[in-house]
Amino acid sequence: MSKRGSVPKYPSQIDEMNAIDKIFSKTLKQRDNIIKRNSKADRDIIRTLDLKISICIKKRAKVTKGGYNDIPMNMWEWEPYFTIDKKLLPKTT
């Protein structure tokens, strides 16, 4: 949510941070495409992708210098499509 941009805690973590961002974006896009199909059979797939997105957000907060305060806005605003145990979700939800 920071205006100055996300910076990793340590310079060696820049590649990890970029990989997390890439996985997050790809997974979010995949999930949104599955949601558009609107099939009940896809419920488990959507839940799995939501958990993967949740893990990405948590990992991104760990490597970002400002923690949750400096994650990108699209991560901050993300919400799971179906209900998930609160322990598995990032602090943003």
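**View 1. The surface of the chain.** The chain exposes about 6,400 Å². Carbon and sulfur atoms supply 53% of that area. The model shown is predicted. Of its 93 residues, 35% count as buried.

**View 2. The charges of the chain.** The chain carries 21 positive and 11 negative charges.

**View 3. The fold, built from helices.** The chain holds three helices and zero strands. Read from the N terminus, the order of elements is α-α-α. The radius of gyration is 14 Å, close to the 12 Å that the globule rule gives for 93 residues, so the chain is as compact as a globular protein of that length. Along its principal axes, the C-alpha trace spans about 45 × 25 × 20 Å.

**View 4. Contacts across the sequence.** Take the contacts between residues at least 6 apart in sequence. Of these, 65% join residues at least 24 apart.

**View 5. Ile84, in the segment after helix 3.** Helix 3 covers residues 73–77, and Ile84 is found in the segment that follows. Ile84 has a relative accessibility of 9%, under the 20% cut-off, so this residue counts as buried.

**View 6. The contacts of Ile84.** Neighbours within four places in sequence are left aside here. Ile84 is then in contact with Arg47, Asp50, Leu51 and Leu89.

How values were computed
Residues numbered from 1 in each chain as written. Predicted model: local features only at pLDDT ≥ 70, side-chain atom pairs only at ≥ 80, totals over all residues. Heavy atoms only, no water. Helix = DSSP H or I, 4+ residues; strand = E, 2+ residues; numbered from the N terminus. Rg over C-alpha atoms; globule rule 2.2 N^0.38 Å. Buried < 20%, exposed > 50% of the residue type's maximum accessible area, 1.4 Å probe, protein only. Contact = heavy atoms within 4.5 Å. Areas by Shrake-Rupley, 256 points an atom, 1.4 Å probe, with all protein chains shown as cover. Lys, Arg positive; Asp, Glu negative; His and termini not counted. Charge placed at Lys NZ, Arg CZ, Asp CG, Glu CD.
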